[in-house]
Amino acid sequence: MRLPSRAAFAATAAVCATALAACGTDTSGSASGSGEELSVVASTNVWGSIAQAVAGDRIEVESLIDEPSADPHSYEASPLDAAAISDASLVVYNGGGYDQFVDDILDSTNHNALTVDAFTLFESGEYSDLHAGHDHGTEADAAPETTADAGSHSEDEHAGDAGETTDDPHAGHDHSGINEHVWYDLATADAVAHAVAERLAELDPEGAETYRANAAEFHASLHEISDVTSAIATDHPRAPIAQTETIAEYLVSSTGLEDLTPPDFSNAIDNGTDPSPAAIAQTRQLLLDKQVRVLIYNPQTEDKVSREMRGAAESAGIPVVEVSETLPENVDYIQWQTRTAESLAAALDTAP
């Protein structure tokens with residue numbers, strides 16, 4: 001996951017906390033019942049885009065990480081970020097250790113903020129018709145509009161219990177290494193939208209109907225993406241692919257593609273270490289021998305090894321599909337994920 005040490009996070013949070021008195025935010029928003037301005041803060045523009053789709057014109061959502069080239073894994077929170085989170089009425093973030101600075105700031109400031117933690121919603125395994133290919137049990141168990149675990153910040157909120165149930169809609173994902181890039185799981189994006197709607201309805205009852213309607217509209221738009229991934233599963237069943245890192249694991253799972261990346265290579269990248277020479281050679285040969293049809297590549301975290309893998313793919317005529325961790329400029333979540341899925345479909349259609 002390429003994460004800095006917890007000690008580094010704690011130090012950053014401590015510095016931010018001491019600066020709170022000198023920092024303030026002026027995020028415009030709808031008035032709550034108490035007459036206070038509402039402030040919604042998201043850790044990245046991915047979750048900010050989803051929150052904004054729900055908030056609509058009533059509240060302006062602030063995203064702390066919004067640079068297309070930024071790598072959230074190595075992001076260092078500023079005192080202004082700490083002030084924004086401390087002052088927020090609602091904080092929307094990834095969780096799962098991906099944007100740990102949010103938890104650290106909330107903990108260091110003892111702020112009882114309403115929060116929506118996407119990774120906690122992911123682990124809860126709530127039903128959604130966007131869990132393509134998973135068995136969700138009986139129709140009576142269905143609850144598409146979930147607000148599970150989206151409430152006040154607490155230590156227990158982030159306790160992981162994935163795998164403890166026998167009816168896990170994420171069965172088939174590898175949780176041994178905990179892939180935190182859950183925005184590529186459409187059902188989690190859906191759950192976050194509905195959780196945001198419920199939290200905003202609590203903060204701004206006058207806008208409750210609008211927030212819930214916007215969440216329902218967002219849900220409908222997600223099917224534009226799932227239509228593409230379903231078509232990939234139909235047109236290219238179990239097509240072999242490789243990844244320079246597992247950022248798009250949930251996209252790959254939803255399309256039914258088979259990731260042939262050597263585990264030693266993937267595990268090293270995910271753990272923030274250099275792959276062994278043997279793992280690099282094995283991955284390079286996989287590409288040069290055209291054993292895969294597409295290479296999925298994250299340009300935001302490229303290094304010498306990933307560039308070498310991309311070069312091997314391009315020399316073999318294997319299409320490269322770029323995925324990212326923050327939104328490109330001037331697109332929203334739906335547009336971004338639709339384009340990514342369409343790029344993957346087009347690459348498979350033209351692959352050797």
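## Salt bridges, sheet and core

R238 forms a salt bridge with E258, with 3.5 Å between the closest N and O atoms. A salt bridge here is a side-chain nitrogen of Lys or Arg within 4 Å of a carboxyl oxygen of Asp or Glu. This pair links distant parts of the chain, since R238 lies in the loop between α7 and β5 and E258 in strand β6, 20 residues apart. Helices (H or I, at least four residues) and strands (E, at least two) are DSSP runs, numbered from the N terminus.

The model is predicted: local features need pLDDT of at least 70 and side-chain atom pairs count only at pLDDT 80 or more, while totals for chains, interfaces and linings use all residues. Residues are numbered from 1 along each chain as its sequence is written, and side-chain values use heavy atoms, with hydrogens and water left out.

The structure holds seven salt bridges. The table lists some of them.

| Pair | Closest N and O atoms |
|---|---|
| R212 and E198 | 2.9 Å |
| R199 and E202 | 3.0 Å |
| R238 and E258 | 3.5 Å |

R199 and E202 are three residues apart in helix α6, so about one helical turn separates them. R199 counts as buried at 12% relative accessibility, whereas E202 is partly exposed at 47%. Buried means under 20% relative accessible area, exposed over 50%, and partly exposed in between (1.4 Å probe, protein chains only). By these cut-offs R238 is exposed at 55%, and E258 is partly exposed at 30%. Salt bridges that share partners also join R310, E314 and E322 into one network.

Strand β6 belongs to an open sheet of four strands in the order β6-β5-β7-β8, with parallel pairing. Two strands pair if DSSP finds at least two bridges between them. β6 (258-259) and β8 (320-322) stand at the edges with a single partner strand each, so one side of each has no neighbour in the sheet. Three bridges join β7 (residues 294-297) to β8, and Y297 stands opposite E322 in β8.

Buried residues make up 53% of the 352 residues in the chain. The largest nonpolar core has 64 residues, and V92, L200 and Y333 touch the most other members. Such a core is a set of buried Ala, Val, Leu, Ile, Met, Phe, Trp, Tyr and Cys residues joined through side-chain atoms within 4.5 Å. Helix α6 (residues 186-203) gives the most to this core, with eleven residues. A second, separate core of 16 residues includes A70, A84, Y93 and V102.
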